[in-house]
Amino acid sequence: MVTAAELAAEVRRATANTPYMVADETPTGFTVQIDIVDQQWSTLMKRKSLESSFQHLVTVDAASDTYTVTDRQTTVTWEAGLDAGGVPRPVLRASKSVQQGMVVSKSFRKEVGMDDDGNVGAVVGYSFDSSEGKRLIDGPAQHLGLTKKMNSTAKVGLTVAAVAVGGLLIGLVVLLIVLAVVL
């Protein structure tokens with residue numbers, strides 16, 4: 001019987017020397033996310049205006065030696081200043097969106113410009129692949145003998161998709177029957 005604390009300890013070891021950290025530990029789980037407290041990653045997230053964060057919410061069922069990972073991607077955008085269209089007027093806009101379930105995200109950004117010291121070169125350069133964080137969880141979980149289960153959000157999404165496909169197939173069969181009778 002493997003507990004959430006045991007898996008969290010193994011994942012914490014796996015995240016050493018990476019931009020990831022284990023956070024928000026509870027008796028049944030924990031979160032793996034980018035370590036924005038670390039100055040190296042904080043600078044990238046805050047000063048370079050990254051708008052998206054990604055978390056892996058891990059839940060362990062010690063009784064069945066299983067675990068689930070629910071991905072959560074949060075995007076926040078904001079704008080403050082003067083509206084450029086038409087008559088200048090002050091504006092303040094913000095929006096937030098959240099995707100949750102089994103989320104696959106890959107991105108990269110490269111900007112060339114002048115850095116804080118006045119040197120010309122790459123001022124932003126990063127790449128992100130959500131599977132990196134998942135590997136930091138799945139490796140230790142497999143080592144401990146845990147079996148991965150699909151998270152409930154993904155199960156609901158899969159069920160809705162199956163019902164939609166089933167409805168489309170029934171509609172197609174009905175259409176074919178009507179066409180066969182009419183022709």
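This is a predicted model: local features need pLDDT of at least 70, side-chain atom pairs count only at pLDDT 80 or more; totals for chains, interfaces and linings use all residues.

Modeller: Happy to; here is a short walk through the chain, from its overall make-up to some single residues.

Colleague: Good to know. What secondary structure does the chain have?

Modeller: The chain has four helices and eight strands. Starting at the N terminus, the order of elements is α-β-β-α-β-β-β-β-β-α-β-α.

Colleague: And how much of the chain is buried?

Modeller: Of the 183 residues in the chain, 30% are buried. The accessible surface of the chain is about 11,900 Å², and carbon and sulfur atoms hold 61% of that surface.

Colleague: What share of the contacts links residues 24 or more positions apart?

Modeller: If you take contacts with a separation of 6 or more, 49% are between residues 24 or more positions apart.

Colleague: Which residues make the nonpolar surface patch?

Modeller: The patch has an area of about 1,100 Å², and its members are Val165, Leu169, Ile170, Leu172, Val174, Leu175, Leu176, Val178, Leu179, Val182 and Leu183. Take Leu175 as one of them: this leucine sits in helix α4, residues 152-182. Leu175 counts as partly exposed because its relative accessibility is 46%.

Colleague: Nice. Now something on the inside: is His56 buried or exposed?

Modeller: His56 is buried, because its relative accessible area is 1% and the cut-off for buried is under 20%. You can find His56 in strand β3, which covers residues 52-61.

Colleague: What does the side chain of His56 make a polar contact with?

Modeller: The partner is the side chain of Asp71, at 2.9 Å. Leaving out residues up to four places away in sequence, His56 also touches others, including Phe30, Val32, Ser130, Gly133, Lys134 and Ile137.

Colleague: Which residue does Asp71 meet in a salt bridge?

Modeller: That would be Lys134, with a distance of 2.8 Å from N to O. Lys134 lies in helix α3 (residues 130-143) and Asp71 in strand β4, so this pair ties together parts 63 residues apart in sequence. Both Lys134 and Asp71 are buried.

Colleague: Why can side chains like that pair up?

Modeller: Opposite charges on side chains can pair when the charged atoms come close.

Colleague: How many salt bridges are there in the whole structure?

Modeller: A search of the whole structure gives four. Another one of them joins Glu25 and Arg12, whose closest N and O atoms are 2.1 Å apart. Here Glu25 is in strand β1 and Arg12 in helix α1, so the bridge ties together parts 13 residues apart in sequence. Glu25 is partly exposed at 44% relative accessible area, and Arg12 is partly exposed too, at 37%.

Colleague: Where do Glu10 and Arg13 lie?

Modeller: Glu10 and Arg13 are both in helix α1, three residues apart, which is about one turn of the helix. Their side chains meet in a salt bridge as well, at 2.5 Å from N to O. Glu10 is partly exposed at 22% relative accessibility, while Arg13 is exposed at 55%.

Colleague: Last one: what is phi for Asn17?

Modeller: Phi of Asn17 is near 65°, a positive value in a residue other than glycine. Asn17 is in the loop between α1 and β1 (20-26), and this asparagine is exposed at 85% relative accessibility. Asp24, in strand β1, has a positive phi too, near 50°.

Definitions and conventions: Residues are numbered from 1 along each chain as its sequence is written. Side-chain values use heavy atoms; hydrogens and water are left out. Patches are made of residues with over 30% relative accessible area and no salt bridge: like charges are joined within 9 Å, nonpolar side chains (Val, Leu, Ile, Met, Phe, Trp, Tyr) within 5 Å. Accessible areas come from the Shrake-Rupley method with a 1.4 Å probe; for residues, only the protein chains shown count as cover. Helices (H or I, at least four residues) and strands (E, at least two) are DSSP runs, numbered from the N terminus. Buried means under 20% relative accessible area, exposed over 50%, partly exposed in between (1.4 Å probe, protein chains only). A polar contact is a pair of N or O atoms within 3.5 Å; within protein, one must be able to donate a hydrogen and the other to accept it, and residues adjacent in sequence count only if both atoms are side-chain atoms. Contact means heavy atoms within 4.5 Å.
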